[in-house]
Amino acid sequence: MSQTLNHTNLLAAVGDMRAQSFYGFAILLQMLNATTQLTLRDITFFIPLDPQLSNISIPTDRLESFVLSHSIVMPLQFSDLIRFPTGSIVPSGYRNRMIRIHNHGRGHFLVNNAAVTVPNVCSSSEGIKCHGIDKVLDYGNAYDNHNN
């Protein structure tokens, strides 16, 4: 039952991403879901715009770290996120990667270096929430295989 619920939530979230033109991240989630036993539920994704995703290189063996470093392991609507005070540091879904919140109100809410530009993209999924951001989260070339 848990696997079915997880799959249903993921399909709903991917559908919401596509409906808002976040095709790249939707594809990454589907690839990750097909290649790992990772449970993608009770999570919030920060999903970069497609043009920003197309500017980076993500080796296949780093796909999981990329996706999880763009997440917080609890489902948060934007109304929940906006309650975090500026300077809050929350763990991402990937070990040793933290997300810093810069809360200057609804019109200027940042996670690390990226502004939330499309809040509440994923509304159909119970356990997966997501928000569109204007950049890939910066962790210092962590995804680029040419720099590690």
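The legends below describe close-up views of a predicted model.

**Conventions.** In this predicted model, local features require pLDDT of at least 70 and side-chain atom pairs count only at pLDDT 80 or more, while totals for chains, interfaces and linings use all residues. Residues are numbered from 1 along each chain as its sequence is written, and side-chain values use heavy atoms, with hydrogens and water left out.

**View 1. Overall composition of the chain.** The chain contains 5 helices and 7 strands; helices (H or I, at least four residues) and strands (E, at least two) are DSSP runs, numbered from the N terminus. Read from the N terminus, the order of elements is α-α-β-α-α-β-α-β-β-β-β-β. Of the 148 residues, 43% are buried, where buried denotes under 20% relative accessible area, exposed over 50%, and partly exposed in between (1.4 Å probe, protein chains only). Contacts are defined by heavy atoms within 4.5 Å; among those between residues at least 6 apart in sequence, 62% join residues at least 24 apart. The accessible surface amounts to about 7,400 Å², and carbon and sulfur atoms account for 50% of this area. Accessible areas come from the Shrake-Rupley method with a 1.4 Å probe; for residues, only the protein chains shown count as cover.

**View 2. The largest nonpolar core.** A nonpolar core is a set of buried Ala, Val, Leu, Ile, Met, Phe, Trp, Tyr and Cys residues joined through side-chain atoms within 4.5 Å. The largest such core has 25 residues, of which Met-17, Phe-25, Leu-29, Phe-45, Ile-47 and Val-67 touch the most other members. At least two residues of this core are supplied by each of α1 (2–19), α2 (23–35), β1 (43–48), α4 (63–69) and β7 (128–133). Helix α2 gives the largest share, 5 residues. Apart from its neighbours within four places in sequence, Val-67 contacts Phe-25, Leu-28, Leu-29, Leu-32 and Phe-45. A second, separate core of 15 residues includes Ile-101, Phe-109, Ala-114 and Leu-137.

View 3. Ala-13 lies in helix α1 and counts as buried because its relative accessibility is 0%. Beyond neighbours within four places in sequence, Ala-13 is in contact with Cys-122, Ser-125 and Ile-128. Asn-9 also belongs to helix α1, and its 8% relative accessibility makes this residue buried. With residues up to four places away in sequence excluded, Asn-9 touches Ser-125, Glu-126, Gly-127 and Ile-128. A polar atom of the Asn-9 side chain lies 3.2 Å from the backbone nitrogen of Glu-126.

**View 4. The disulfide of Cys-122 and Cys-130.** Taking a disulfide as a pair of cysteine sulfur atoms within 2.5 Å, the count is 1. The bond joins Cys-122 to Cys-130, with an S to S distance of 1.7 Å. The link is right-handed, with 80° about the S-S bond. Both Cys-122 and Cys-130 are buried.

View 5. Two strands pair if DSSP finds at least two bridges between them. Strands β5 (residues 109–111) and β6 (residues 114–118) run antiparallel and are joined by 2 bridges, with Val-111 opposite Ala-114 in β6. Their hairpin has 2 residues between the strands, and Asn-112 adopts a positive phi near 50° there. Strands β6 and β7 are likewise antiparallel, joined by 2 bridges; the bridge partner of Val-118 in β7 is Gly-132.

Definitions and conventions. Polar contact = N/O pair within 3.5 Å; in protein donor to acceptor, adjacent residues only side chain to side chain.
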